[in-house]
Amino acid sequence: MDPIDDVRIVPANEASWADVERIFDSGDAQRCRCQRFKVTEWIWRDSTLDERLDAQEAQTGCGTPGPTSGLVAYVAGEPAGWAAVEPRTAFPKLRTSRIPWKGRDEDKDDPDVWAVTCLVVRKGFRGRGLTYPLARATIPFARERGARALEAYPMLTRPGKTVTWGELHVGARQVFEDAGFTQVTHPSPRRFVMRADLTR
């Protein structure tokens with residue numbers, strides 16, 4: 001496929017809900033609706049798809065001023081990608097996950113640390129590098145809203161190894177490296193905590 005060009009990235013509340021729904025068009029993204037780290041219980045057992053849809057619509061605040069839960073990428077005017085980025089405290093399941101905290105002493109309730117928890121690319125636009133500009137766009141988005149640091153929890157992809165979308169929703173390590181994030185910890189063979197200092 002051709003590389004992505006003509007990309008425009010906006011806060012989700014500047015997009016329409018219909019455009020967000022077009023991005024979440026298939027597979028795990030369609031079922032999860034970026035609620036994996038939002039719910040405190042096991043997502044599939046303790047919530048319905050309708051509940052997750054309603055939650056995502058409320059969180060994005062599409063078409064309204066005020067807070068929003070992420071970024072929407074357009075390619076040549078077509079809704080094509082999504083990045084979930086909010087204060088880390090907006091993701092209660094991160095608080096109880098092992099990956100973010102192993103090997104470090106961090107204030108879990110620091111409201112000035114934000115997190116990128118999910119990158120979604122719509123079918124038909126995948127494999128063309130759209131996650132790179134999306135990850136880069138998370139930094140000014142968080143900084144402009146008062147964040148002093150931005151974290152991500154990506155995984156390492158290896159040539160020749162199959163990675164399903166369901167695993168890679170957290171993003172690939174090289175995508176965040178390219179955006180200027182640096183490694184904080186390496187809590188599992190394939191997972192990393194990476195961070196961008198937004199005070200510089």
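Predicted model: local features only at pLDDT ≥ 70, side-chain atom pairs only at ≥ 80, totals over all residues.
User: Which way does β4 run relative to β5, parallel or antiparallel?
Analyst: β4 (residues 113-121) and β5 run parallel, joined by four bridges. Val-116 stands opposite Ala-152. Between these strands the chain passes through helix α6 (residues 131-144), and this β-α-β crossover is right-handed.

User: And how does β7 run relative to β5?
Analyst: Strand β7 (residues 193-197) runs antiparallel to β5, and four bridges join them. Here Leu-150 stands opposite Ala-196.

User: New topic. How many aromatic pairs are there?
Analyst: The count comes to three. One of them is Phe-24 with Trp-82: the ring centres are 5.7 Å apart and the planes are at 65 degrees, so the pair is edge-to-face.

User: Which parts does that pair tie together?
Analyst: Phe-24 is in the loop between α1 and α2, and Trp-82 is in strand β3, so the pair links parts 58 residues apart in sequence. Phe-24 is buried, at 2% relative accessible area, and Trp-82 is buried at 1%.

User: What about Trp-114 and Phe-141?
Analyst: Trp-114 and Phe-141 also form an edge-to-face pair, 6.2 Å centre to centre with 75 degrees between the planes. Trp-114 lies in β4 and Phe-141 in α6, so this pair ties together parts 27 residues apart in sequence.

Note on methods:
Residues numbered from 1 in each chain as written. Heavy atoms only, no water. Pairing = 2+ DSSP bridges. Helix = DSSP H or I, 4+ residues; strand = E, 2+ residues; numbered from the N terminus. Right-handed = clockwise from strand over helix to strand, strands pointing away. Phe/Tyr/Trp six-rings, centres within 6.5 Å; stacked < 30°, edge-to-face > 60°. Buried < 20%, exposed > 50% of the residue type's maximum accessible area, 1.4 Å probe, protein only.
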